Amino acid sequence: MNKEEIIHQIENQKKVPHLKFRLKTSTENFTNKLFHTLFDAEIPVEKNLEELEKDFETLVDLACWDLEKPCIKLWDNYVAKLPELLYKLNKDAEAIFTNDPASNSIEEVYLSYPGFFAVAIYRFAHEFHEAGFPLVPRMMTEYAHRLTGVDIHPGATIGTSFFIDHATGIVIGETAIIKNNVKIYQGVTLGALYVEKNLKNVKRHPTVENNVTIYANATILGGNTIVGKNSIIGGNVWITSSIPENSLVTHSPEIKIRQNYE
């Protein structure tokens, strides 16, 4: 097979439409700039919002393939929601600082907590997801996933004062609902009981009510599963049915003492 034939075969098999990898890079740059615009005290908001609008136009050109959906018109509505998003994120940061004894300052939370970064990018992406902007919100949260180990689908619904500690290994599915003042530790999964394509528009992931704490490596599955308010879910538990409010759910490991024989 000569070079021309190889090139021809490769081109014929590149059948995925609109697959432009610079969309990925552009999305990541946009995400970083948005984060810095809202939180960096040295960055002028007005100037950066103008730059972000131009960056958004690039994303629209690359991602908005349906000409019937005027994606470019989303920007003004999105900017109008930024003060509310910033308010929610400040409440998230306060929740981390208040609840984590290892936190020495609120600045430390913004600058070094992977859980806060993951939640911030989720909140940015969620608004685009709700507006129907294609692909970009998913790439935003996957960017945060790669950096933090936290996988939050942009379609999830998350209330205020959300606290993620340690972060690594957390999975929150598309139809999960998390209400206010919830604390989640590393390795927690809010997932589906099983996965089939025909469940796309079905609630597959659990609901977590107000003031719930979920400790490390707990797995909670199912769209009908509700964790009642004020409950504590211990580490390593496996839950596939609803938990009443004010519950304490624990996992009791079997401990065997090995006898040493001489």
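Start your tour by selecting Thr219 and showing its neighbours: leaving aside residues up to four places away in sequence, Thr219 touches Thr189, Val237, Trp238 and Ile239. Keep in mind as you go that this is a predicted model. Thr219 sits in strand S10, residues 219-221. Is Thr219 buried or exposed? With a relative accessible area of 14%, Thr219 is buried, because anything under 20% counts as buried.

Now select Thr213, which belongs to strand S9, residues 213-214. Its relative accessible area is 8%, so Thr213 is buried. Show its contacts, again not counting residues up to four places away in sequence, and you will find Lys183, Tyr185, Ser231, Ile232 and Ile233.

**Into the nonpolar core**

Next, move to the largest nonpolar core, which has 69 residues. Which of its residues touch the most other members? Select Phe124, Phe133 and Ile214 to see them. To colour the core by element, pick out those that give two or more residues to it: helix H2 (22-39), helix H3 (45-63), helix H4 (74-99), helix H6 (114-131), helix H7 (136-148) and strand S3 (163-164). H6 provides the largest share, ten residues. As background, nonpolar side chains in soluble globular proteins tend to be buried together.

Stay with Phe133 and display what surrounds it. Apart from residues up to four places away in sequence, Phe133 touches Phe56, Leu59, Val60, Ala63, Cys64, Cys71, Leu74 and Phe128.

**A cluster of rings**

Phe133 also leads you to an aromatic cluster. Select Phe30, Phe56, Trp75, Tyr78, Phe128 and Phe133 together: ring pairs link these residues into a cluster. The structure has a count of 17 aromatic pairs, and two of them are worth a stop here.

For one stop, show Phe30 and Phe56. Their rings form a tilted pair, 6.4 Å centre to centre, with 45 degrees between the planes. Because Phe30 lies in helix H2 and Phe56 in helix H3, the pair ties together parts that are 26 residues apart in sequence. Both Phe30 and Phe56 are buried.

**The largest pocket**

Switch to a surface view and look for open space. The largest pocket has a volume of about 350 Å³. Which residues lie nearest its centre? Select His153, Glu174, Lys197, Lys200 and Arg204, which are among the 13 residues that line this pocket.

Now turn to the second largest pocket, which holds about 220 Å³ of space. Select its lining: Phe35, His36, Phe39, Asp40, Glu107, Tyr110, Leu111, Ser112, Tyr113 and Phe117. Two helices, H2 and H5 (106-112), each supply at least two residues of this lining. H5 gives the most, with four residues. By type, the lining of the second largest pocket divides into six nonpolar, two polar and two charged residues.

For the last stop, go inside. How many cavities of 30 Å³ or more does the structure hold? There is one, and the largest cavity has a volume of about 30 Å³. To find it, select Ala118, Ile121, Tyr122, Thr141, Ala144, Val150 and Ile152, which line the largest cavity. H6 and H7 each supply at least two residues of this lining, and the largest share, three residues, comes from H6. The cavity lining is made up of six nonpolar residues, one polar and no charged.

Conventions. Residues are numbered from 1 along each chain as its sequence is written. This is a predicted model: local features need pLDDT of at least 70, side-chain atom pairs count only at pLDDT 80 or more; totals for chains, interfaces and linings use all residues. Side-chain values use heavy atoms; hydrogens and water are left out. A nonpolar core is a set of buried Ala, Val, Leu, Ile, Met, Phe, Trp, Tyr and Cys residues joined through side-chain atoms within 4.5 Å. Buried means under 20% relative accessible area, exposed over 50%, partly exposed in between (1.4 Å probe, protein chains only). Contact means heavy atoms within 4.5 Å. On a 1 Å grid over the protein atoms alone, a cavity is a set of points where a 1.4 Å probe fits but cannot get out, and a pocket is an open set with protein on both sides within 12 Å along at least five of seven lines; lining residues have an atom within 4 Å of a point. Grid points are joined across faces, edges and corners, and a volume is the space filled by probe spheres set on the points. Ala, Val, Leu, Ile, Met, Phe, Trp, Tyr, Cys and Pro count as nonpolar, Asp, Glu, Lys and Arg as charged, and the others, Gly among them, as polar. Rings of Phe, Tyr and Trp (its six-membered ring) pair if their centres lie within 6.5 Å; planes under 30 degrees apart count as stacked, over 60 as edge-to-face and the rest as tilted.
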